[in-house]
Amino acid sequence: MDVLLLNCRIIDPVMGRDECGVDIEIISGVITAIGKKLKSKAPIKDLQGALIAPGFFDMHVHLREPGQEYKETIETGTRAAASGGFTGICCMPNTEPPISDPFVVSFIRAKANGNIVDVEICGTMTKSRKGEELAPMQALFDSGIKMISDDGSAVASAEVMRRVFEYGKMFDFLCTEHCEEPSMTKGTAMHEGKISTKLGIPGYPSVAEDIIVARDILLAEYVGGVRYHVAHLSTRNAVQLVREAKSKGIKVSCEVTPHHFTLTDEAVETHLANAKMNPPLRENEDIQAIIRGLQDGTIDCISTDHAPHASHEKETDIMSAAYGIIGCETAIGLGLTNLVHSGKLSLMKYIEVSSTNPRALMKLPQIKISEGEKANLTVIDFDKEWTFGSEHIQSKSSNTPFIGTKLKGQPVGVINNNQSWWRDKD
Amino acid sequence: MNRDLLGIRQLSTDQITDLLRRSDGYFLQLNSIDPFRKSSLLDGRTVANLFFENSTRTKTSFELAEKRLGATSVNLSMQTSSLTKGESLIDTVNVICAMKVDCVVVRHSSSGVPQLLRKHLPDHIRIINAGDGGHEHPTQALLDAATLQAKLGSLKNKKIVIIGDILHSRVARSNMILLNKLGAKVTLVSPLTLTPKYVEEIFGVRVVHELADEIKDASAVISLRIQFERQSRSLFPNLSDFRMRYGLTPLRIMETNAFILHPGPVNRGVELDNEAADSEKSLILQQVKRGVAIRMAVFEWLFEDK
Ligand SMILES: [Zn+2]
């Protein structure tokens, strides 16, 4: 893929660079020249001042394949990721069968091979996500796994979690926990608070999340040196627990989703099952705490928890509806609108939490926007005002409460693996 | 726009008063010893009773109201559990649309199902909420208010005590909203484990956990049914502990002139002892009669020419 990108604003936290009006020449997927008024034989693409950032990485995506191809496939899920501005994702292991053995890993690798989006794979912590026996960690490690998680549920037993940390530490796995104390959340469908009281819907209390975060931090400290990661953190107390653990030098990191810094439990009143997530949408105070956590570095990254479900699983009563929403296509719009354009987070910091930090946690090489480097880039029209609609959905599913939401800032292209994707002008 | 009855929350105080007034006429007819003269108000109309959750009483009450107004009733009783997960609602909606019904009466164990059906059904089909999850049960609250008004007159500033499982109770929620709109003073008496968080603030009620003297100066007591089917966990020690703290025992009812209401079916010896359920202060059978009258009034209101 050869292209001469005209009039870019390069923003690169790794190189510490923020520069407008620059041209970039890419030949065979490699950056060959960066400068003003470049001349090249490559086809020209005028970006009219669009942002060029190191490729965004989404650490938490449910691709559903193998086993639930009616919801999403590796093909449709990576297309959703690319159109959402991501050049890399990590797929979560709650597939059918779960990613508990190297055969499933090679199946996914084969299907994702040659994709514009890099697909990293998360293995399970315990065998078949049952929370009982340890997953075959050596075999998973040998197949290239860097992160393990029983995502979809927490490891309920503290004893098993301790052993996951101890055994997992030997591979320096990132041990990612879906923090939910199961005994407190059975049969619940939304956050426990004023709105659940009003609607009479069984509530999932914040403390059910906090308890597991606290337990795991204590275990991580006890084991010592293990890399512990809180998936889709949603509560103010969990932010504080992670902040305190970090200050004590415990190797803890965490991520938040765009929906958890955008919506509160009030969304359940209008969107019903399309606002049913796990963890649930919380309260305004939680959003404020999450934003402070992003500002002070307590929160390491933004991940989407892209969770596609077929319409019959979402357009139904809230108790039997599935948890989660698709998230790749709305992530950048929501992040720029609610964090950057609102003045809460600098653009540089936003790119760190979207690219630099997740790559570091996944032990992936950092992307540098400089000559001689492979082009792995996310292109963003920073000031574009748009309304998210079904025409923007590349996922096989369309379970989202954001249809009709006005956003500012839109991913318009990605370049990776000697390929490019560009959004048609709308 | 056609009318629906999705919840008490959507009704204005005037609409509530209007519905209660309409039901009085039907109540008089039901109370007379003459054979019931069928009305032709719903002639040619078809009403589908969709009960995704079991209920003998409410369903019978709706069916009687429909038949006495001349409607054709179809009954679809579906236990959610026996249906394929998820597909039931959308499928049902399509089935209903194909059958040319004018009104849907729906009961479901999940909050928000009437709202969801409103989104999916064509506008001309009226929807009546016959109880959704722990959310609302508007006809129950209306019939309770009609029963109370018949004995107490205006409910303004009257102390009404609601006792028991507030957490799971749609009856409590609809009653709190309705009684507030009519100016009554509502006190909840429930164990902390069965009291939803922030209920004082959200519903504008007083909350206490000890029964003590609360019913002595009350005008009426609404005792709620312990919903065993909704209790997936231990929320109180056992039935006798519950009765000791919250049951209307002979001793307790001797201390008060308050009328006793209960949405039924009563767990005798738990929420109400026989002495309470069968006392002259008990309005339980009045509630049943008012229930048919209220449902007739609701149909009249939904289908009147505007
Ligand atoms: Zn999760």
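The second largest pocket lies between domain 1 (13-136 + 288-303) and domain 2 (138-286) of chain B, because both give residues to its lining. Those bounds come from an automatic or database domain assignment. A pocket here is an open set of points on a 1 Å grid over the protein atoms alone, with protein on both sides within 12 Å along at least five of seven lines, where a 1.4 Å probe fits; lining residues have an atom within 4 Å of a point.

This is a predicted model: local features need pLDDT of at least 70, and side-chain atom pairs count only at pLDDT 80 or more, while totals for linings use all residues. Residues are numbered from 1 along each chain, and chains are lettered from A.

The volume of the second largest pocket is about 660 Å³. Of its 31 lining residues, B:T58, B:R107, B:P263, B:G264 and B:P265 are the closest to the centre. By class, the lining has 9 nonpolar, 14 polar and 8 charged residues. Gly counts as polar.

Chain A holds donors of the zinc ion, which lie 1.9 to 2.3 Å from it. Donors are N, O and S atoms within 2.8 Å of the metal (3.2 Å for Na, K and Ca).

| Donor residue | Donor atom |
|---|---|
| A:D151 | OD |
| A:H178 | ND1 |
| A:H232 | NE2 |

Along the chain, their spacing is D-x26-H-x53-H. A:D151 is buried, at 2% relative accessibility. A:H232 is also buried, with a relative accessible area of 2%. Buried means under 20% relative accessible area (1.4 Å probe, protein chains only).

Methods:
Side-chain values use heavy atoms; hydrogens and water are left out. Grid points are joined across faces, edges and corners, and a volume is the space filled by probe spheres set on the points. Buried means under 20% relative accessible area, exposed over 50%, partly exposed in between (1.4 Å probe, protein chains only).
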